[in-house]
Every structure is written in C-alpha cells, then in structure tokens.
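This briefing sets out selected structural features of the protein chain, grouped by topic. Please consult it alongside the sequence and the coordinates.

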Amino acid sequence: MTVLSMRLRLFLIILLPLFAIAAAVGSWRISESQKTAEQLFDKNLLFTAVAVARDVALTDGDAILYETEQLLSEAAGGPVRYHVYAPDGSFVTGYGVPPVPAARASDIPQPVTYFDVIHRGSAVRVLRMKDEASISGLTGTYTITVWQEQSVRQMFARSLALRAFAVMAALIGTVALVVWFGVNLGLRPLLDLEGAISQRSPRDLSPIRRPVPEEARGLVRRLNHLFAETGDNMAAQDRFISDAAHQLRNPIAGIRALGEAVQSAPSLELAQARAGDLVAAAQQASVLAEQLLRLERLRFSTSPPETQAFDLEDLLRDVARGYRHQAENADVTLSVTQAKGELTSVQITSDRIMLGEAFSNLIDNALRHGGADLSDIAITFEATETAVQITIRDNGRGIPAEAHQTALARFGQVQPGAGSGLGLPISEAIVSKLGGSLTLDADGPGLTVRVTLPRDHRPAA
C-alpha cells in the first residue's frame, strides 16, 4: 500500500476543498453569466426597437440611417435586424422577411413580446413591439420586429465565464503556491528532527533534547520513552550475557574436568563412577541454563499468559504431591490447607502452568535451603471476592530481613549452597506477570513467602 508523503497530504487536504468550492462557484458563475447575457441583450433589443420606431417615424417611413444601424449593432455586440409592418399589414421598411413566432400574431396581445425561433437556419432571439404612430398620413398600431442571432449572446456569456475562471485559476494558483511553501516551512522542524536522528550512532539512545513545535512534542516524548526502554533492554541483555558467562563458566569447567577424568581413568569401574558424576554435572548445568532463559523470557516477553479457570487448592496439592517423596526422605511435613477453616472451593482465572512452576520453585527453595532444623512446610490459602493469598511458611533457618533483596535478586544467594540463586527471582517474575505480588517475611522461625494474586487475571489483548 502506497502512503502519500505528509507534505502532499497536507497540500491536498488544503487545496481539494478549494477546488470543490471553485467548481461550485464556476457552475454558479456560468448560470449567472447566461442570465446576465439574456437580460442585457433583451434590453438592447428593446432599445433597438424603440430607436427603430422613432427613427422610422422621423424619416416618414424611410429606412433608419446607416450610422444609427451601426451604432445599434455595436451597442448590441453584433448585427441586429429589423422589420416594420403598417397597421394595414403592409411592409414599411427593414428586412423583407421577419421571424415568425410559433403562435399567431393575434395570440400575442402584449405590446412587447420576446420569443426564440429558428430563422433561416440560425437560432435567433426576437422582440416584437406594437407602437402607435403616424407615418405618411397613416395612423395606427405599427408592428416593429427586431432580432439577433443567439450565438452573439452565447459568446458574450462564454466570455464572462472565461474571465471569472481566469480570475479563480489565478487565485487558486497563488494559494497553491503559498500553501506549498507554507507546508514546507511548517514541516521544516520535523525534517530537522529527522536529520538529527539519522546522524546518531546505532548505540546512541540518549533522549532528544532539541526544541520542536508543540504538535511534535508528543512524538518526541514517545521516541524518548522508546529509547529509554530500548536502552534498558540492551543493558539487561548485556547483564544477562555477563551473568550467564560468569555462572556457566564454573559448571562448564567442572564438566570438562570430569570428562578428562573419565578419559584418564585407570579402570573401567572408576571411569563409570566418574561418568556418573559427569552426567550429574551436565544435568546441573542444563537446569541452570534453562532457569536463566526462563527468567529472561518472563522479564521481557510481551505475549500475554494463557489463562484458564481452575481450582486453586487442586493446583497447590498437585504441586505438593510432586515433592512428597523428597519431603518424606528429609523427614519434613508438607501440608496444604485452607485458612480460617473455610471449606469452599476457590476458583481463579490465571495461567495454571506458570503458577505451578512458581509454587514448585518456592517449595524446592524451602527444601533445599531450610537447613538441618527444617521439619515443616505449611501451605495455606485464603480468598476474598477479588484476590487470593497463598502463604508458604517453613520452620527452617530462614532469611534475615536485610537479606531479602539479595534473595530476590538474580543469582542472589544468602548463604553458599547448591542452588543457582534463580528460584525466588523466577517465582517473583511469574507472579508479577500474572498481576500479583510476592513478599518475604521473617516474623518468626524460618521463612514466610506470601503470594497475592487477582482472582480473575485476563490481560488485555
């Protein structure tokens, strides 16, 4: 699809209404020119008939003077013919055969009558006038007929219309020229802005600070916001690459060392044992890489979650069931209960898979970092009309309040351990993407994680 330039669009938007108005005025002017020509030439015919009547009376029936005929023709814009009948119907003077109206003379009682006829192959406009006079001793009503070809008045009307069109064309041309230069002058700040942006380096995402017209300030604000978001995303990508390189360097080095150990093992039994360690190290590195990618996708993905309605208690019990054997082996009690003795089903609309992953990470974090004193992990939930709150409380060694930010940071570890430091950040990112919040609380033995979620999370498309 071809998009017109802004300059041409503004030019057309301004001029097209002018063209429409000019067309309407031109049509009106043609009609008015025709009316003006008809009125003017009809008056000239009347003046000519009066002049003929007076001149014939003065000359006692002779033809009008040549000078008078020339003057009348010049005043009428072209040749004018005339004919005079006596009261008894006899020819007095003028041209021999006058135009005859479609109606009989007796049917035209008015003293002055206009009509249009075809006379000798030409369309003519005719005036017939009856006048009381006495010529050569004959007194009575004389009939004076004057006529002129229609082409004369049509040429006059066309001339009037052409003059009007010439004036309008000159005005429109002048306006078009002024508008063209005005549009170019008005768009110059945008062109200057385009030039300034094009001269930037690909890595220059600093805000635009040059003065722009008020109409372009919104665009500049949007661009600055976009530059800021792009800069943040690029910085986050740089941090991710740096963190991934740092975090994967040790596991990869360990895998390489174990591979060399397998290669140099003195016996098959020792090689198999070292191969088992190699597989475990590779699995650990794979989990770390998957968690890294998962966290970045959660933070920067723009696709909405796939929501569905489900029972919250069923989800929590399904997740807890997956850790039942691990909890039993560690002599830890893992329970899921509804708070305040409520026994009603809690239905929520959210992304079941993502929430399952978040709660799975929280339970795994409690089992992995609870310490030797960990004996109980209690999962409780309660609901209001608009939200649900899930609490995961353990009685392990906990996390001091001043270390909560460290625990929620990427690769943050309060104490050295086998984890990657990504479990809590991933859970927080999931909850945030689903419109909720995750907080840590150290108001007792162990650690308390509170997750608050809307009961109906349906992001706009």
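Asp 351 has a relative accessibility of 8% and therefore counts as buried, the cut-off being under 20%. The model described here is predicted.

**Asp 351 and the start of α8**
- Asp 351 caps α8 at its N-terminal end, with a side-chain oxygen 3.2 Å from the backbone nitrogen of Ile 353.
- A polar atom of the Asp 351 side chain also lies 3.1 Å from the backbone nitrogen of Met 354.
- Apart from neighbours within four places in sequence, the residues in contact with Asp 351 are Pro 305, Glu 306, Thr 307, Phe 310 and Leu 434.

**Helix α8 and Ser 360**
- Helix α8 comprises 18 residues, and the distance from its first C-alpha to its last is 26 Å, close to the 26 Å expected at 1.5 Å a residue.
- The helix is mostly covered, since 13 of its 18 residues are buried.
- Ser 360 belongs to α8 (residues 352-369); its relative accessibility is 19%, so Ser 360 counts as buried under the 20% limit.
- The side chains of Ser 360 and Tyr 323 are joined by a polar contact of 2.6 Å.
- When residues up to four places away in sequence are set aside, Ser 360 touches Val 319 and Tyr 323.
- After α8 comes Gly 371, which has a positive phi near 85°.

**Nonpolar cores**
- The largest nonpolar core contains 43 residues, and Phe 359, Ile 390 and Val 451 have the most contacts inside it.
- At least two residues of this core come from each of α6 (312-321), α8, β9 (376-383), β10 (387-394), α9 (404-408), α10 (423-433), β11 (437-441) and β12 (448-454).
- Helix α8 provides the largest share of this core, with 8 residues.
- Beyond residues up to four places away in sequence, Val 451 touches Phe 359, Leu 362, Val 388, Gln 389, Ile 390, Val 431, Ser 437 and Leu 438.
- A second, separate core has 18 residues, among them Ala 53, Ala 86, Ile 135 and Tyr 142.

**Arg 397 in the loop between β10 and α9**
- Arg 397 is located in the loop between β10 and α9, and its relative accessible area of 46% makes Arg 397 partly exposed.
- A polar atom of the Arg 397 side chain lies 3.0 Å from the backbone oxygen of His 369.
- Arg 397 and Pro 445 are 48 residues apart along the chain, yet their C-alpha atoms are separated by 7.1 Å.

**Helix α3**
- Helix α3 (residues 150-198) has 49 residues, which should span 72 Å at 1.5 Å a residue; the end C-alpha atoms are 68 Å apart, in agreement with that value.
- A bend of about 45° occurs in α3 at Arg 188, and the proline Pro 189 follows within four residues.

**The chain as a whole**
- The protein chain has 10 helices and 12 strands.
- Of its 461 residues, 35% are buried.
- The accessible surface of the chain is about 27200 Å², and carbon and sulfur atoms account for 56% of this surface.
- Among contacts between residues at least 6 apart in sequence, 63% link residues at least 24 apart.

Conventions: Residues are numbered from 1 along each chain as its sequence is written. This is a predicted model: local features need pLDDT of at least 70, side-chain atom pairs count only at pLDDT 80 or more; totals for chains, interfaces and linings use all residues. Side-chain values use heavy atoms; hydrogens and water are left out. The expected span of a helix is 1.5 Å times one less than its number of residues. The bend at a residue is the angle between axes fitted to the seven residues ending there and the seven starting there. Buried means under 20% relative accessible area, exposed over 50%, partly exposed in between (1.4 Å probe, protein chains only). A polar contact is a pair of N or O atoms within 3.5 Å; within protein, one must be able to donate a hydrogen and the other to accept it, and residues adjacent in sequence count only if both atoms are side-chain atoms. Contact means heavy atoms within 4.5 Å. A nonpolar core is a set of buried Ala, Val, Leu, Ile, Met, Phe, Trp, Tyr and Cys residues joined through side-chain atoms within 4.5 Å. Accessible areas come from the Shrake-Rupley method with a 1.4 Å probe; for residues, only the protein chains shown count as cover.
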